[in-house]
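Take a look at the chain below. This report covers a surface patch, a helix pair and some charged side chains.

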Amino acid sequence: MAANVETMFYTRQKPWHGLGTMVQEAPTSKDALILAGLDWQVIQKPIITEDGIPISGFKANLRETDNRVLGVVTDRYRTIQNHDAFAFTDSLLGEGVTYETAGSLQNGRRVWMLAKLPQRYIISGDEITPYLVFMNAHDGTGAIKAAMTPIRVVCMNTLNLALSTAKRSWSTNHVGDIRGKLEDARYTLLYADLYMQELGKAIDKLNRQKLSDRKVYEYIDALFPLVDNASEQQKKNLQRMKEEVKVRYFEAPDLAHVGKNAYRFVNAVSDFATHAKPLRERANYRENLFAKTVDGNAMIDKAFDLVKAG
């Protein structure tokens, strides 16, 4: 993991194995830029061969503080500087926005920031707080992405359900009119309140959908299907994951007040998908998990689809 996280800060609780600089209070964008180690510019330079022949159509993205090459991009690529990303989220969220965490991955190739939205929602008795995640790649391999991610406060589970009635994310590539595209993002993400309203309706419906224990077992089997010709180890791994979800559904203290219903099941799966360690702990698994706050988590969406289908 240390090889993937270059610089970062976080507030109060240690994320990602405790790497980075801890601060007591979430800072504003000016301080966050410095605390996260993101107070640098991306510059572009032409590429030439060793014998001096220019390579047309391509440029190198460099970090100006140390001339580290972040990636090779085409002439059409348009940079979004780190300070521009903070300025965008400041403008979108309004005066007084503070940042929970931000940082640099893969030696500056990728950067992210996470800001808490000022609204507070109580949905079916649960406090759910929306966050804005902004991710950017300076190496030419990824899009600019922004998403609103609801977090169930009591357990820090993500509830970024794929709703057909409201959008929660936006992305675009680094070509064309970047400023105009950021304006599009502003209009998309201003519908965050609509998403939360629709999420509230979905959660209320899940709460009313009672589940028998047998149905829960069926859903868990559907989440972890056994492949053909599975080895004994694969069977053991599947069984272990199934048991972990069962424990979260039947025994999690934060779900003790929730009846045996579809909302409880989706939360149990979210808790597993958000917090359980993988069977094989690769160096960048937490980075990939964090990326799912933007892209969505396929396991949580599958659980949601299962209960919707009845």
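Which residues make a nonpolar surface patch of about 260 Å²? The patch is made by I55, F58 and V72. Patch residues have over 30% relative accessible area and no salt bridge; nonpolar side chains (Val, Leu, Ile, Met, Phe, Trp, Tyr) are joined within 5 Å, and like charges within 9 Å. Accessible areas come from the Shrake-Rupley method with a 1.4 Å probe, and for residues only the protein chains shown count as cover.

This is a predicted model, in which local features need pLDDT of at least 70, side-chain atom pairs count only at pLDDT 80 or more, and totals for chains, interfaces and linings use all residues. Residues are numbered from 1 along each chain as its sequence is written, and side-chain values use heavy atoms, with hydrogens and water left out.

I55 sits in strand 4 (residues 54-63). Helices (H or I, at least four residues) and strands (E, at least two) are DSSP runs, numbered from the N terminus. I55 counts as partly exposed because its relative accessibility is 38%. Buried means under 20% relative accessible area, exposed means over 50%, and partly exposed lies in between (1.4 Å probe, protein chains only).

**The helix pair**

Helix 5 (residues 213-223) packs with helix 6 (residues 232-251) at an angle of about 145 degrees. Their axes are 10 Å apart. Axes are lines fitted to C-alpha atoms, for helices over the stretch in contact, and angles run from 0 to 180 degrees between N-to-C directions. Which residues make the contact? Helix 5 brings D213, V216, Y217, I220 and D221, while helix 6 brings K242, V245, K246, Y249 and F250. Contact means heavy atoms within 4.5 Å.

**Salt bridges**

Side chains of opposite charge can pair when their charged atoms come close. A salt bridge is a side-chain nitrogen of Lys or Arg within 4 Å of a carboxyl oxygen of Asp or Glu. How many salt bridges does this rule give? The count comes to 17. The table shows some.

| Pair | N to O distance |
|---|---|
| R120 and E127 | 3.0 Å |
| E218 and R214 | 3.7 Å |
| K215 and E218 | 3.5 Å |

R120 is exposed, because its relative accessible area is 58%. E127 is partly exposed at 29%. In helix 5, E218 and R214 are 4 residues apart, so about one helical turn separates them. K215 and E218 lie 3 residues apart in helix 5, also about one turn. E218 is partly exposed at 37%, R214 is exposed at 66%, and K215 is partly exposed at 28%. Salt bridges with shared partners also join R240, E244, R248 and D271 into one network.
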